[in-house]
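Visitor: I have a structure to go through and some questions about it. Could you put it up first?
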Amino acid sequence: PVLLGCGSAQPGGCPALCECSEPAKTVKCVNRNLTAVPPDLPPYVRSLFITGNPLTHLPAGAFPAQRLPDLASLNLSGNHLRTVEAGALALPALRQLDLSGNALSSFSPQAFGEGGSPLEELALRGALRDHGVLLSLAALLQSGTLRNLSRLELADNGLLLLPAGIFTALPALRQLDLSNNSLVGLRNVSFQGLGQLQSLNLSDNSLGVLWNSTLAQFRSLPALRHIVLGHNTWVCDCAIEDLVAWLKDSDQVEGKEALTCASPDKMLGKALLKISSSDLNCSVPIDLPSQLQTSYVFLGIVLALIGAIFLLVLYLNRKGIKKWMHNIRDACRDHMEGYHYRYEINADPRLTNLSSNSDV
């Protein structure tokens, strides 16, 4: 294909500072010091590369849908993007989007427009360092706008925890990359509904254990055959028993033979698959938080039952209780009248003199 670097654009031609190939339907604006999206992109473009530029802002209509009806692949990686406004990516044919290597600070949940988007692949490697952007992405994914998404890349973002329910509206998702973050747990993450998920990369995180609830979700996903867990900080105490048992029984984990303990010191470097119960010397329940929660629920049920029985007894003996309350009231009234009578005698000096006169 002939690449055309035009000094000025002609209708249907190539924007200045860009290289275009009409036969390949491709436009490349790479390392050209662009601060805005070229307004005169050719309408034939299907693959657009705008990378390595000081581009900081994507306003609404940055890629006009009417002018770019066939744009299917958009690479905006390695720029300085910070803001993506509502409607900035509302393209009718967009299938692939790469926003990796940007320092996003504001990402509108309506960036793809009000309706659904045909987007199938979204790469955000190293672009979600701001917590507010992560929450905006979660709102976007949960809205159902990207229900066609089959590949999601969230690697290299320093994520500690994921927002609850972030993946619940992605029924077509097949590949999920969460590698090279700082994830310490997955207990608040639901993988339910990801019936087509085939590959899950959790390597290079700070996972110390995977609890039964998470392992049960992995077992329930029929298409999930590739789970990567390497280079995590596995804590080999009693809580690791369920994970070890699952690893020994599962064929979902790639390279599970290389998984080793990171702590405690006596278990450092020991392969997880070679751990036995005698190595752990467990004398406490494995999943203590779950057992405590169960105990609290049981205690609540018992207290509620006792309360119900107490109220029933009161109801059945309401007449006797009423009579008993009346008797107490009469006794208290008689007692108070006696005190009142003595007070009147003591307060009247004439009665006091009479009571003290022994001849009377």
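**Aromatic rings and an aspartate**

Guide: Phenylalanine 191 has 0% relative accessibility, so it counts as buried. Keep in mind that this is a predicted model.

Visitor: What is the mean pLDDT of the protein chain?

Guide: The mean is 88, and 88% of the residues reach 70 or more. Over residues 1-11, though, the pLDDT is below 50. That stretch has 21 contacts in the model beyond near neighbours in sequence.

Visitor: Back to the rings. How many aromatic pairs does the structure hold?

Guide: It holds 3 aromatic pairs. In one of them, the ring centres of phenylalanine 167 and phenylalanine 191 are 6.2 Å apart.

Visitor: Why is that pair of phenylalanine 167 and phenylalanine 191 called stacked?

Guide: Their planes are at 20°, so the pair counts as stacked, the cut-off being under 30 degrees.

Visitor: Where do phenylalanine 167 and phenylalanine 191 sit in the chain?

Guide: Phenylalanine 167 is in the loop between E11 and E12, and phenylalanine 191 is in the loop between E12 and strand E13 (199-201). They are 24 residues apart, and the pair links distant parts of the chain. Both residues are buried.

Visitor: And phenylalanine 191 with phenylalanine 218: why is that pair tilted?

Guide: The planes of those two rings are at 55°, so the pair is tilted; the centres lie 5.6 Å apart. Phenylalanine 218 is in helix H2 (residues 212-220) and phenylalanine 191 in the loop between E12 and E13, so this pair ties together parts 27 residues apart in sequence.

Visitor: Is phenylalanine 218 buried or exposed?

Guide: Buried, because its relative accessibility is 0%.

Visitor: Which residues do the ring pairs link into a cluster?

Guide: Phe167, Phe191, Phe218 and Trp246.

Visitor: New topic. Which ring does arginine 187 lie over?

Guide: Arginine 187 lies over the face of tryptophan 211, at 4.7 Å from the ring centre. Lysine 28 lies over the face of phenylalanine 49, and there the figure is 5.7 Å from the ring centre.

Visitor: Now the aspartate. Where is aspartate 156?

Guide: Aspartate 156 is in the loop between strand E11 (151-153) and strand E12 (175-177).

Visitor: Why does aspartate 156 count as buried?

Guide: Its relative accessible area is 17%, and buried means under 20%.

Visitor: What does its side chain make a polar contact with?

Guide: The side chain of asparagine 180, at 2.3 Å. Leaving out residues up to four places away in sequence, aspartate 156 touches Arg125, Gly126, Arg129, Ser179, Asn180 and Asn181.

Technical notes
Residues are numbered from 1 along each chain as its sequence is written. This is a predicted model: local features need pLDDT of at least 70, side-chain atom pairs count only at pLDDT 80 or more; totals for chains, interfaces and linings use all residues. Side-chain values use heavy atoms; hydrogens and water are left out. Helices (H or I, at least four residues) and strands (E, at least two) are DSSP runs, numbered from the N terminus. Buried means under 20% relative accessible area, exposed over 50%, partly exposed in between (1.4 Å probe, protein chains only). A polar contact is a pair of N or O atoms within 3.5 Å; within protein, one must be able to donate a hydrogen and the other to accept it, and residues adjacent in sequence count only if both atoms are side-chain atoms. Contact means heavy atoms within 4.5 Å. pLDDT is the predictor's confidence in each residue, from 0 to 100. Rings of Phe, Tyr and Trp (its six-membered ring) pair if their centres lie within 6.5 Å; planes under 30 degrees apart count as stacked, over 60 as edge-to-face and the rest as tilted. A charge sits over a ring if NZ of Lys or CZ of Arg is within 6 Å of the ring centre and within 35 degrees of the ring normal.
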